[in-house]
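Biologist: Before we discuss individual features, may I see the sequence and the model?

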Amino acid sequence: MPPKFKRHLNDDDVTGSVKSERRNLLEDDSDEEEDFFLRGPSGPRFGPRNDKIKHVQNQVDEVIDVMQENITKVIERGERLDDLQDKSESLSDNATAFSNRSKQLRRQMWWRGCKIKAIMALVAVILLLVIIILIVMKYHT
């Protein structure tokens, strides 16, 4: 990363080696600042605060672990809910198919009952006709 400040130095004021040393110092300082802001404070220069920071970092790590577990559980729960939804849709489809088949069977059985009743009525009519014909023939002779 280029240095934050550009310094225009005259060659008369500073020799080439001093110029490059100053530039290196500026670049090194900016790297340390960037490291501090990107990675947070570290090293023994912070003393007792370092323990607090480590403690807070440990708590943050624990929270991250808990959140990762929670996310994993939510994903698993979502998968189980998807499976349950698929099963419920399948059951709904099967229930609809069962209802349709039961209606068809009820109609078939109703027609079968009507046919049996019609046949019994026809047999009864035929028997009555035979009996009436026999009675009429007996009295006519």
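**Reading the surface of a predicted model**

Modeller: This is a predicted model, in which local features need pLDDT of at least 70, side-chain atom pairs count only at pLDDT 80 or more, and totals for chains, interfaces and linings use all residues. Residues are numbered from 1 along each chain as its sequence is written, and side-chain values use heavy atoms, without hydrogens and water.

Biologist: How many helices and strands does the protein chain have?

Modeller: Helices (H or I, at least four residues) and strands (E, at least two) are DSSP runs, numbered from the N terminus. The protein chain has 2 helices and 0 strands. V123 belongs to helix α2, residues 48-140, and D93 is in helix α2.

Biologist: Is V123 buried, partly exposed or exposed?

Modeller: Buried means under 20% relative accessible area, exposed over 50%, and partly exposed in between (1.4 Å probe, protein chains only). At 44%, V123 is partly exposed, whereas D93, at 55%, is exposed. Of the 141 residues in the protein chain, 2% are buried.

Biologist: Which residues form the nonpolar patch on the surface?

Modeller: Patches take residues with over 30% relative accessible area and no salt bridge; like charges are joined within 9 Å, nonpolar side chains (Val, Leu, Ile, Met, Phe, Trp, Tyr) within 5 Å. A salt bridge is a side-chain nitrogen of Lys or Arg within 4 Å of a carboxyl oxygen of Asp or Glu. Here I119, V123, L127, I131, I135 and Y139 form the nonpolar patch, with about 630 Å² of accessible area together.

Biologist: Where does UniProt place the "transmembrane region"?

Modeller: The unreviewed UniProt entry places this feature at residues 116-137; such annotations may be inferred rather than shown by experiment. That span is 100% helix, and its end C-alpha atoms lie 31 Å apart.

Definitions and conventions:
Accessible areas come from the Shrake-Rupley method with a 1.4 Å probe; for residues, only the protein chains shown count as cover.
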